[in-house]
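Trainee: Could we go through this structure together and check each label against its cut-off? I would like to see where the words come from.

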Amino acid sequence: MTLKDLLGKYKYDYEFIYEKLKFDLSEQLKKIMEDKGLTKKELAERMGVSPSYITKIFGADNISLKTVAKVLAALEVDATIKLIDLNKTGEIKVFRPKEAEKYESDTLLFAG
């Protein structure tokens, strides 16, 4: 069985979707942090947590929406979540739409 076959087989398995969403989210948070020129240590200081906790977040270790909100607050990001049906688009996009620029907010886009 090829990787493509396996991905197709588990595409709608809720555990697979959960793991993928956690990974996508942690990668997007990491990118925002890097775009703002912050280190994990600086983000940890802003959040009042240890750098190892930040490593867990970016390792997609059971991220809750509350944790996401704390990270976004520390990064001073006004964000939203948008779910995209990949069956209709066929791709994963991470973007900051032009409309959001006038509000100085970032959009975290999750494929679902």
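Mentor: Let us start with a pair of side chains: lysine 20 and aspartate 24 meet in a salt bridge, 3.0 Å from N to O. This is a predicted model, where local features need pLDDT of at least 70 and side-chain atom pairs count only at pLDDT 80 or more, while totals for chains, interfaces and linings use all residues. Residues are numbered from 1 along each chain as its sequence is written, and side-chain values use heavy atoms, with hydrogens and water left out.

Trainee: Where do lysine 20 and aspartate 24 lie?

Mentor: Both are in helix H2, four residues apart, about one turn of the helix. Helices here are DSSP runs (H or I, at least four residues) and strands are runs of E of at least two, numbered from the N terminus. H2 covers residues 14-35.

Trainee: Why is aspartate 24 called buried, and why is lysine 20 called partly exposed?

Mentor: Buried means under 20% relative accessible area, exposed means over 50%, and partly exposed is in between, with a 1.4 Å probe and protein chains only. Aspartate 24 has 11%, so it is buried. Lysine 20 has 24%, so it is partly exposed.

Trainee: How many salt bridges does the structure hold?

Mentor: There are four. Among them, lysine 22 pairs with glutamate 19, with the closest N and O atoms 3.4 Å apart, and lysine 30 pairs with glutamate 27, also with a closest N and O distance of 3.4 Å. Lysine 22 and glutamate 19 lie three residues apart in H2, about one turn of the helix, and lysine 30 and glutamate 27 are likewise three residues apart in H2.

Trainee: Is lysine 22 buried or exposed?

Mentor: Its relative accessibility is 10%, so lysine 22 counts as buried. Glutamate 19, at 43%, is partly exposed.

Trainee: Why are H2 and H5 called roughly parallel?

Mentor: The axes of H2 and helix H5 (residues 65-74) come within 11 Å and cross at roughly 10 degrees. That crossing makes H2 roughly parallel to H5. Axes are lines fitted to C-alpha atoms, for helices over the stretch in contact, and angles run from 0 to 180 degrees between N-to-C directions. Under 35 degrees counts as roughly parallel, over 145 as roughly antiparallel, 65 to 115 as roughly perpendicular and the rest as oblique. Leu25, Leu29 and Ile32 in H2 meet Val68, Val71 and Leu72 in H5.

Trainee: How do you know that H3 is roughly perpendicular to H4?

Mentor: H3 and helix H4 (residues 51-58) pack at about 105 degrees, with their axes 8 Å apart. That angle makes H3 roughly perpendicular to H4. Residues that meet here include Leu43, Ala44 and Met47 in H3 and Ile54, Ile57 and Phe58 in H4.

Trainee: What else does methionine 47 contact, and why is methionine 47 called buried?

Mentor: Methionine 47 lies in H3 (residues 40-47), and at 18% relative accessibility it counts as buried. Leaving aside neighbours within four places in sequence, its contacts are Ile54, Ile57, Lys70, Val71 and Ala74. Methionine 47 and leucine 75 are 28 residues apart in sequence and 9.1 Å apart in space, C-alpha to C-alpha.

Trainee: Why is glutamate 76 called exposed?

Mentor: Its relative accessible area is 65%, so glutamate 76 is exposed. Glutamate 76 sits in the loop between H5 and strand S1 (79-84), and its phi is near 55 degrees, a positive value in a residue other than glycine.

Technical notes:
Contact means heavy atoms within 4.5 Å.
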